[in-house]
Every structure is written in C-alpha cells, then in structure tokens.
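This report walks through one protein chain. It covers the pocket, the cavity, the charged pairs and a few local features.

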Amino acid sequence: MSRVVLLSASPSEGSKTEALLEFIARRLGQYGHRTEFIKLRHLPAGPLLSGDANDGLIASARDTVAAADAVVVGSPVFKATYTGLLKVFIDLLPMDALHGKPVLPVLTGGSPAHVLALDYGLKPLLATLGASSIGRGRFVVSSNILPTTDTTPPSIDESVERDVVDAIDQFDSELTVRARSCTHVEAAAAESLITAPIATDRNPS
C-alpha cells in the first residue's frame with residue numbers, strides 16, 4: 001500500500017480536472033492505496049505569489065508532498081499548458097521534491113488540439129523536480145468527464161474510460177513493484193543486522 005498525493009491545479013470549484021482526479025483516487029483506493037488531495041486553489045494567494053514557502057498552509061502542503069510515496073498531478077490546459085496555479089506551487093518545492101517518487105500526470109481540456117501540452121508542458125515541468133519515473137499520463141477532453149452528482153461518483157465516458165483505467169493500472173503496477181522492492185531492501189537490511197558478526201576485543205586489557 002502506498003500513500004499517493006493528488007495535486008489539483010484547477011482554480012475552479014467542481015472542475016472536470018478534479019472529477020478526473022477523484023475518479024483516479026477511487027480506483028487507487030480500490031487497490032488499497034491511501035490517497036490525499038491537495039487543492040492548490042485553497043492555498044493563500046498572497047504567499048503563493050510572493051514565494052513565501054514558510055506560510056503555514058504552504059509548508060503543510062510541501063510536507064505532504066515530501067511524505068508521499070507517489071504523486072498524481074492534474075491540471076486543466078490554460079493557454080496551451082498547465083495552469084499558473086501549478087507553476088507557482090511547483091516553484092516553492094525543493095528541486096528534488098519528486099526524487100524517488102513515481103508521478104502520474106493528467107491534463108484536461110476542451111479540445112484534443114491541446115494533447116501535446118502533456119508531453120511538451122507538464123512532463124518537462126515535473127522532470128525538473130527529479131521524479132523517478134513519469135507515467136505516460138493522459139489528456140482527457142473535458143466533455144468525456146462526468147462529475148459527481150448527488151447519487152453517483154465521478155465517471156469517464158466509456159469511449160475513453162478504458163484508456164484512463166489503463167494509465168491508472170500501470171501506475172498501480174509501478175507502485176506495487178516499488179513497494180515490494182522497498183520491502184526486500186528493508187528485509188535484507190534487517191537480516192544483515194541479525195547475521196552480522198559481533199566484533200569483540202580478543203585481547204582485552
């Protein structure tokens with residue numbers, strides 16, 4: 001089980017980007033992962049724009065990212081790339097903030113014409129933070145995302161649902177492999193402590 005943080009870079013309440021992230025969180029939860037949202041629009045605008053990393057809410061968000069095993073980053077496409085809200089938060093993270101963490105990037109937009117923003121905008125941004133691996137990610141046209149209602153959870157139009165689910169499943173597979181690898185390393189370290197010979201002074205004075 002991994003702890004996965006989902007970063008929402010949408011400035012709008014009830015956005016399609018957040019519906020997509022909620023869909024991803026629900027599926028990751030079904031696989032046993034713990035998920036936690038950070039909605040960047042809830043961070044204080046003044047400290048964000050002035051680069052105040054010591055602000056309490058921003059420091060807490062930075063700590064949450066640092067403690068995560070993996071990160072999902074979601075943003076709508078504005079002006080052919082991710083939102084400025086995401087950029088100002090990323091600017092407040094350490095350069096190695098994503099080191100050792102698998103990352104799944106997702107973008108939403110009104111037209112398939114924005115699909116290249118994933119490879120030429122969001123992924124290079126995340127690479128600057130040292131992500132250990134960046135998943136192929138997905139761009140999803142907003143009209144294919146069905147938000148939460150009073151009676152139903154968020155869903156994806158069946159025409160693209162399989163593609164989105166495949167991306168989530170690949171991400172889950174990577175998390176599972178990583179968790180097993182960490183377990184083996186920890187077990188080997190523990191075994192070495194148990195079996196390591198104890199040095200003794202053969203000629204005590």
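Which residues line the largest pocket? They are E36, F37, I38, K39, H42, L43, L57, S60, A61 and T64. Strand 2 (34–39) and helix 3 (56–67) are the elements that give two or more residues to this lining. The space in the largest pocket is about 160 Å³. By class, its lining has five nonpolar, three polar and two charged residues.

Some terms first. On a 1 Å grid over the protein atoms alone, a pocket is an open set of points with protein on both sides within 12 Å along at least five of seven lines. A cavity is a set of points where a 1.4 Å probe fits but cannot get out. Lining residues have an atom within 4 Å of a point. Points are joined across faces, edges and corners, and a volume is the space filled by probe spheres set on them. Ala, Val, Leu, Ile, Met, Phe, Trp, Tyr, Cys and Pro count as nonpolar, Asp, Glu, Lys and Arg as charged, and the others, Gly among them, as polar.

The model is predicted: local features need pLDDT of at least 70, side-chain atom pairs count only at pLDDT 80 or more, and totals for chains, interfaces and linings use all residues. Residues are numbered from 1 along each chain as its sequence is written, and side-chain values use heavy atoms, with hydrogens and water left out.

**Overall layout**

The chain has six helices and eight strands. From the N terminus on, the order is β-α-β-α-α-β-α-β-α-β-β-β-β-α. Helices (H or I, at least four residues) and strands (E, at least two) are DSSP runs, numbered from the N terminus. Of the 205 residues, 42% are buried. Buried means under 20% relative accessible area, exposed over 50%, and partly exposed in between (1.4 Å probe, protein chains only).

**The cavity**

The structure holds one cavity of 30 Å³ or more. About 30 Å³ of space lies in the largest cavity. L7, V71, V73, I90, L93, L98, L126 and L129 line it. By class, that lining has eight nonpolar residues, no polar ones and no charged ones.

**Salt bridges**

Side chains of opposite charge can pair when their charged atoms come close. Here a salt bridge is a side-chain nitrogen of Lys or Arg within 4 Å of a carboxyl oxygen of Asp or Glu. The whole structure has ten. Three of them are tabulated.

| Salt bridge | N to O distance |
|---|---|
| K39 and E18 | 3.6 Å |
| K87 and D91 | 2.8 Å |
| R138 and D163 | 2.9 Å |

K39, one of the pocket-lining residues, pairs with E18. This bridge links distant parts of the chain: K39 sits in strand 2 and E18 in helix 1 (residues 16–30), 21 residues apart. K39 is partly exposed, at 24% relative accessible area. E18 is buried, at 2%.

In the pair of K87 and D91, K87 is partly exposed at 32% relative accessible area. D91 is also partly exposed, at 49%.

R138 and D163 also join distant parts of the chain. R138 is in strand 6 (residues 138–141), D163 is in helix 6 (residues 158–195), and they are 25 residues apart. R138 is buried, at 5% relative accessibility, while D163 is partly exposed, at 38%. Elsewhere, salt bridges that share partners join E13, E18, K39 and R41 into one network.

**Surface and loops**

V115, L116 and Y120 make a nonpolar surface patch of about 340 Å². Such patches use residues with over 30% relative accessible area and no salt bridge; nonpolar side chains (Val, Leu, Ile, Met, Phe, Trp, Tyr) are joined within 5 Å, and like charges within 9 Å. Areas come from the Shrake-Rupley method with a 1.4 Å probe; for residues, only the protein chains shown count as cover. Y120 lies in helix 5 (residues 117–127). Y120 is exposed, at 66% relative accessible area.

P112 lies in the loop between strand 4 (102–109) and helix 5. P112 is exposed, at 57%. Its C-alpha atom is 8.0 Å from that of V140, 28 residues apart along the chain.

Where is K79 placed? K79 is in the loop between strand 3 (70–76) and helix 4 (84–90). Its phi is positive, near 50°, in a residue other than glycine. K79 is exposed, at 82% relative accessibility. A80 is in the loop between strand 3 and helix 4. A80 is not a glycine, yet has a positive phi of about 75°. A80 is exposed, with a relative accessible area of 53%.
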